[in-house]
Amino acid sequence: MTSADTPVSDAPASGAPKASPRRAFGLTAATALVMGNIIGGGIFALPSAVAPFGTLSLLAFVVLSVAAVLLALLFGTLAKRSPVTGGLYVYPRDAFGPFAGFLSAWSYWTMCWVSIAALAVAVVGYVDVLIPLHGNHALEGLVALLALWLPAAANFAGTRWVGTVQIVSTVLKFVPLLLVATIGLFFVDTDNFGPFNATGDSVPGALAASAALLLYSFLGVESAAVSAGEVENPERNVGRASVLGTLASALVYILGTIAVFGLVPHDRLVESGAPFADAVNAITGGTWGGTAIALVAVASIVGCLNGWILLAAQMPYAAARDGLFPKPFAKVGKGGVPGFGVWAVAVLGTALIGLNYTAGPDTTFRVLVLITTFTGCVPYLLSAAAQLYWLARGTRERVRPAGLVRDLLVAGLSFGFSFWLIAGAGYAAVYQGALFLFAGIPVYVWLKGRQEGPEERESAGLTS
């Protein structure tokens with residue numbers, strides 16, 4: 001066995017995408033990419049979403065934060081081995097072959113474009129606070145489409161613009177949220193917290209249930225690894241950006257939720273549609289909190305969309321260079337962004353937004369949103385398995401006991417965490433997510449079949 005922080009001699013699979021010579025993201029931009037993708041619109045609704053479980057949901061936040069940091073360490077270690085764009089596709093592919101790589105890329109890509117549509121729709125509620133839309137579905141749909149296509153345009157301008165937008169939007173949302181999370185602690189009333197376990201179920205059961213609601217909030221920890229080909233000195237900075245971005249996000253999540261729990265009475269928090277706005281109103285005694293938080297929320301979600309669109313284009317880009325996604329996904333524009341990938345997720349997101357505003361509440365769109373946690377965790381699971389594979393494959397001569405124990409612990413816990421996340425998504429999400437995952441198999445079969453020439457098919461006895 002060998003510690004995975006030492007580069008190994010095994011070459012990546014043939015046809016692996018080379019690390020890009022254009023490095024648009026420094027450590028700051030890469031960290032902002034991680035933070036911006038983790039902290040989207042969910043933070044503004046999470047306190048009221050988990051309030052029915054009681055204050056034990058704060059414990060669930062802590063557990064998920066530790067697990068997310070473990071994943072960040074895992075991706076940093078794997079990036080030392082394969083510092084290229086499309087990390088969560090590359091890691092399983094190099095370890096287990098093209099089929100595992102394809103499943104990881106397909107699953108992650110599915111999660112990305114569904115999440116992008118969901119985030120664009122989430123903007124509408126906050127814009128409605130600033131400019132009343134009066135329930136007009138046409139106006140709501142237009143706002144969602146603008147929220148989708150404006151960051152898409154930033155991606156077409158190039159990765160440097162993406163990095164700049166990500167830094168600005170992250171500061172715009174991080175600073176106000178951190179102020180609420182810190183200043184708000186001085187106004188906390190312990191009587192507002194409510195019961196520790198408000199569900200009546202066992203503590204482990206309630207903890208798992210609340211964690212299931214919080215799973216989506218930490219998707220994005222892999223952002224720097226997926227964009228490793230655009231990161232300066234990725235062997236060093238991917239791991240640092242992943243850990244720093246995850247820790248900063250977890251800090252905002254935990255402190256912000258504690259502040260809101262202590263500022264808004266539990267019975268009101270359960271029914272609140274804008275918990276952070278209610279918390280600001282409790283601090284100031286005024287009513288301007290809703291407007292201020294709405295502005296921050298819009299900046300937060302648009303910045304989050306900016307980063308997720310880039311990730312949604314880069315994952316299939318890496319797979320397409322190996323022939324495991326349609327060829328157009330491998331084309332890169334002048335700005336260094338896979339333009340077809342951006343178009344694809346923008347068009348698919350537009351279709352889902354249209355479905356959301358033309359169908360009833362129980363639509364396919366809502367079903368797809370439900371399975372994003374499952375489809376996002378499949379690449380986590382495969383990446384952790386890849387790391388365990390490389391550790392098991394090492395030679396005794398190259399063992400470094402301290403590094404080996406650390407890497408085994410990180411990889412093993414990351415695998416267990418990913419498995420727990422998939423189980424916590426619920427039976428319906430796992431069932432539907434598995435069907436959606438397997439729907440990609442015909443795509444893989446077609447692409448692999450087209451790759452093989454007549455000679456390969458004849459040698460396999462497939463010709464008449």
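**Entry 1: Phe325**

I started with Phe325, which I found in the loop between α13 (289–321) and α14 (339–358). This is a predicted model, so I note that once here and move on. Is Phe325 buried or exposed? Its relative accessible area comes out at 4%, so I put Phe325 down as buried, the cut-off being under 20%.

Next I looked up what Phe325 touches beyond its neighbours within four places in sequence. The list is Phe102, Ala105, Trp106, Trp109, Pro316, Ala319, Ala320 and Leu447.

**Entry 2: the chain as a whole**

I stepped back for some totals. I get 20 helices and zero strands for the secondary structure of the chain. Of the 464 residues in the chain, 55% are buried. I also looked at contacts with a separation of 6 or more: 84% of them in this chain join residues 24 or more positions apart.

**Entry 3: the largest nonpolar core**

The largest nonpolar core has 130 residues, and the ones that touch the most other members are Phe75, Leu88, Tyr108, Trp308 and Phe325. Which helix gives the largest share of this core? I found that α5 (residues 98–130) does, with 19 residues.

**Entry 4: Glu222**

I located Glu222 in the loop between α8 (203–214) and α9 (223–226). Its relative accessible area is 0%, so Glu222 counts as buried. What does Glu222 touch, not counting residues up to four places away in sequence? I have Phe75, Leu88, Tyr108, Trp308 and Tyr380. Of these, Phe75, Leu88, Tyr108 and Trp308 are also among the core residues that touch the most other members.

Glu222 and Ala72 are 150 residues apart in sequence, and C-alpha to C-alpha they are 6.8 Å apart in space.

I went to α3 (56–81) next. Leu56 lies in this helix, and with 0% relative accessibility I log Leu56 as buried. Beyond four places in sequence, Leu56 is in contact with Phe196, Asn197, Val203, Ala206, Leu207 and Ser210. I also noted Ala211: it is 155 residues from Leu56 along the chain, with 9.8 Å between the C-alpha atoms.

Ser65 is in helix α3 as well. I read a relative accessible area of 7% for Ser65, so this one is buried too. Leaving out residues up to four places away in sequence, Ser65 touches Phe218, Ala250 and Ile254.

Then I checked Thr257, which is found in helix α10. Its relative accessible area is 0%, which means Thr257 is buried. Where does the side chain of Thr257 reach? I found it at 2.7 Å from the backbone oxygen of Tyr253. Not counting residues up to four places away, Thr257 touches Pro47, Leu58, Phe61 and Val252.

**Entry 5: a cavity**

I searched the whole structure for cavities of 30 Å³ or more and got two. By class, I count nine nonpolar residues in the lining of the second largest cavity, with no polar and no charged ones.

Last, I looked at the second largest pocket, with a volume of about 240 Å³. There are 17 residues in its lining, and the closest to its centre are Leu73, Gly76, Thr77, Lys80 and Arg406. Which elements each supply at least two residues of this lining? I have α3, α10 (234–263) and α17. The largest share comes from α3, with six residues.

The class make-up of the lining of the second largest pocket is six nonpolar, four polar and seven charged residues.

How values were computed: Residues numbered from 1 in each chain as written. Predicted model: local features only at pLDDT ≥ 70, side-chain atom pairs only at ≥ 80, totals over all residues. Heavy atoms only, no water. 1 Å grid on protein atoms, 1.4 Å probe; cavity = no way out; pocket = protein on both sides within 12 Å on 5 of 7 lines; lining within 4 Å. Points joined across faces, edges and corners; volume = space filled by probe spheres on them. Helix = DSSP H or I, 4+ residues; strand = E, 2+ residues; numbered from the N terminus. Nonpolar A, V, L, I, M, F, W, Y, C, P; charged D, E, K, R; others polar. Core = buried A, V, L, I, M, F, W, Y, C linked by side-chain atoms within 4.5 Å. Buried < 20%, exposed > 50% of the residue type's maximum accessible area, 1.4 Å probe, protein only. Polar contact = N/O pair within 3.5 Å; in protein donor to acceptor, adjacent residues only side chain to side chain. Contact = heavy atoms within 4.5 Å.
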